[in-house]
Every structure is written in C-alpha cells, then in structure tokens.
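Subject: Structure for you to look at

Hello,

Here is the structure I said I would pass on. Please open it first, then read the notes below it.

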Amino acid sequence: MEQHGVSRRSMLGGAAAAGIGLAALGTASGEAAPDAGPKPQGRSMIGVPFEARQTVRVGIIGLGNRGAGMLPLFLAVPGVKITAVCDTRPATVENAVKVVRAAGQPEPARYGKTDRDYENLLRREDIDFVYIATPWEWHVPMAVSSMRNGKHVGVECPLAVTISELWELVDTSERTRRHCIQLENCCYGQNELRVLRMANAGLFGELLHGAGAYIHDLRELLFSDTYYANEWRRAWHTKLNADHYPTHGLGPIAAYMGVNRGDRMVRITSMATAALGLADYRKDHEEPGDSSWRERYVKGDTTMSMIQTEKGRLIRLQHNVSNPYPYSRLNQLAGTKGVFEDYPARVYLEPKSSGHKWGSFDEYKSYDHWLWKDIGPGPGGHGGMDYLMLYRTMQTIRLGLVPDIDVYDSAAWSAPVALSGESLKRNGMPMAFPDFTRGRWRESRSGLDSVKPV
C-alpha cells in the first residue's frame, strides 16, 4: 500500500480526524487516486426507482427557520400529506401543527420531548419520506436512522461534514434500499435548469470550466440570539476551517458537467483568507460580556477551492458568509463556444455573440425546463426553486420514477466540506475525491434534465 513512499497508515493518520480516508498525493501520471471506500454492503442505488404511491406521507424533523419555511411548500405539493412533525421546542411544534391544520390536513403527530424523540417518529408506519432540517451534527444519525426504519430521506446541506459519514450514508442507502437525497441544492432554479439544457444541447461546445459559490452576508443572522437555535451555526466558525456550504454552488455545475454521469471530480485544492469578519462584526455590534466574546473564529472569511474532473475540466468554488458582499452563487459555465455568467445573467455564445458584448440570456427562454414552463415557481422558496425541487421529488415518488438526484450525487456535493478542510490543514495540498459510485460514474444516465412524465 505504498504510494510515492507514503504509506496508507501515515496518510490516514493525518486525515482521520476529518474522516478523509485515503487522500492521495497523486500518481506518477499526475492523477489523484480515488478513495474506493469500504467494501459494498449492498447493491448500487443508481437507477433504482421509488415505489409508486398515490400519496406521499412525510415526517419533518427540525422546524426552525428552514424547516418551518419549507412546511408550506410541502403542503402545496399535490399528493403530499404531513403525518408527523418533530422539534425540541414545544412552541415551534405547535406552530407547525397549526400550519398543517390550516392547509386542511389532519393534525400531525407531535414529537420532540427529548433530543432522541425523533427515533419514535421514525418508527411510525405512516411515513414514506423524512425531511431533516436540523443542525449539521444531527444530519447523519437522523438520516441513517430514517433509512434503517424503512424511510426515504431528504437532508438539508451539507449532507455530512466528514468523508466517513458520507460513506456511511452511501452504505446505508445501498443496504436498506432507501434513497438519501440532498434537499436544498439550488439545482432547480430557472437559470440553472436553462443552462443545463443549453449545455446538453451543445451550445457551449466542449465544456471547460465553471464556478459556483455560496456568498451570503450572514453576520447579522449568525449573531442573532434567536435565528439559529443556541447560535449553533456560528459555533462551526470556531471549530472548522473549510468550505462549510459547497452544495449551493457545486450542485448545478456538477450537473452541467455530467458528474457521476460520464465524468467525476478527481481532486480538490483549497486556500482561505484570514478569519477576520466575524470578530470585526462582534466588535461593532455585541455588548461587552456577551458569550460571543469567548469565541475564537478559525474559519477563514473566504474559502476558494479548485476542483479538477476526470475529463480535465475545472470547477472553482467560493464560500463567504462573514463579510459585506452582495448575494451570489456565481453560477458560471464556459466552453469552447462561449460562456454563461450569472448575477446578473448574461451569455456570450458564438456565432451569435461578437465584439466583446454580452448577449441577453432571455433570448434562450426556449431552453427552459418543463418544470418552469408547465409548473412554475409555485409558492416560492429561493425564487421558486425550492418548491419545484419538492414538487419534482414528490412526483418521482408518486409515479415510481428514479430520483433526479441520488445518494452518490449528494455525497459528492458535500465532500468538499471535509476535503477543503483537510487541504487547508495541508497548505493547499490536493486531496483526492472518493468515488462514491464505485466506478459507475462512467455510465450515461438520467439526471436533472428530466423528461416530463406523461
């Protein structure tokens, strides 16, 4: 198990805390060796459809800002029934019950008397799909328990914060034959789906590079006494220097490039700025004696990562929630025939574009996905993409279709949390991406560019 004179034991030793597994230094050809992961414990979930059902019975765990905000969207989706809700705050649970009743549905069962009461919810036989919107450290135990109890599960981002946890989710999905999906992925936006269909139609030529990000000034919310329960999200800035939130930017770019569908992410290298923004905000806004003054922030304000794919394409990721900066997910794609850039949306595609003048993205409305043409934004959520994400997910369950996003996509999109953190510890050293598909990334198969069901 020697590789360039570095043993597997020594490599695992430096990465064990982050659950990295084999973070390869690169082969003689310059290609990073993927982590093959643990021995499979079940058959692949690639191409496995849901069991068709007329009504999808949903249990929700976590009713904070995100969970409570998604509840009305679930209730607006045809064929969805909320049968149980869970949160450790009684008032939050009661508010959710009122929302469900106001939508004309029966009163859902209540859970949350203890931190482990969600396990009682998961034992119910009237739940088909579990939605988890809790602090990050709870994602994996709740998702694993969901699948072991026979439920499909959708998890907020990130799916997990270590590579070993991501493998646990993949293995559990394969063993239990239950799907585990990253729910909140920004893949169902109108711009994102239009660019995906344009890329699949060859308008960008051969794809070369793209960029995605989560740039969102969260300082006020991070220091709020009420927005994040017990201010849990700010606490991550004191213990993990990494790209905390790669999925928003990476999901769409991975879809454009056919990651896990003919290409795969091979290696990542990351760098970060100093951690200054939160301390600076605290100085200007927090009273002396506030508990935040005991905190030391280690998460760099801006994290930038470069990812290379098997086909030689490049993906740039950026994360910043600690400085004044207009919201952006970047959402850029370039190929041999031109480029798309978002925020604001614009294109430069040959032969139509010339003279170094950007063209109008509106001219490509004919490439809009059928979800936007026929279903529309619905009651909203991230401009409508959240509703369409739920609509499509529930539709695939009701009709017994293969999900657009599977556990392998979800794991790959969250892997940069751990990998960027390990790369930063090693002064930007490239880290190998695990191949969660175990070699099946070469296969061409369906994804987000779905065909409208008859």
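Which helices each supply at least two residues of the lining of the largest pocket? They are α2 (65-76), α5 (139-148) and α9 (232-235). Of these, α2 gives the most, with six residues. Keep in mind that this is a predicted model.

The largest pocket holds about 990 Å³ of space. Its lining is made up of 45 residues. If you want to find the middle of the largest pocket, look for Gly 64, Ala 133, Thr 134, Pro 135 and Trp 232, which lie nearest its centre. Sorted by class, the lining of the largest pocket has 21 nonpolar residues, 16 polar ones and eight charged ones.

Next comes the second largest pocket, with about 390 Å³ of space. Here the lining consists of 25 residues. Nearest the centre of the second largest pocket are Asn 200, Ala 255, Gly 258, Arg 261 and Arg 445.

Which helix gives the most to the lining of the second largest pocket? That is α10, with three residues. The helices that each supply at least two residues of this lining are α7 (190-200), α10 (247-256) and α14 (407-425). By class, the lining of the second largest pocket has 10 nonpolar, seven polar and eight charged residues.

Regards

Methods. Residues are numbered from 1 along each chain as its sequence is written. This is a predicted model: local features need pLDDT of at least 70, side-chain atom pairs count only at pLDDT 80 or more; totals for chains, interfaces and linings use all residues. Side-chain values use heavy atoms; hydrogens and water are left out. On a 1 Å grid over the protein atoms alone, a cavity is a set of points where a 1.4 Å probe fits but cannot get out, and a pocket is an open set with protein on both sides within 12 Å along at least five of seven lines; lining residues have an atom within 4 Å of a point. Grid points are joined across faces, edges and corners, and a volume is the space filled by probe spheres set on the points. Helices (H or I, at least four residues) and strands (E, at least two) are DSSP runs, numbered from the N terminus. Ala, Val, Leu, Ile, Met, Phe, Trp, Tyr, Cys and Pro count as nonpolar, Asp, Glu, Lys and Arg as charged, and the others, Gly among them, as polar.
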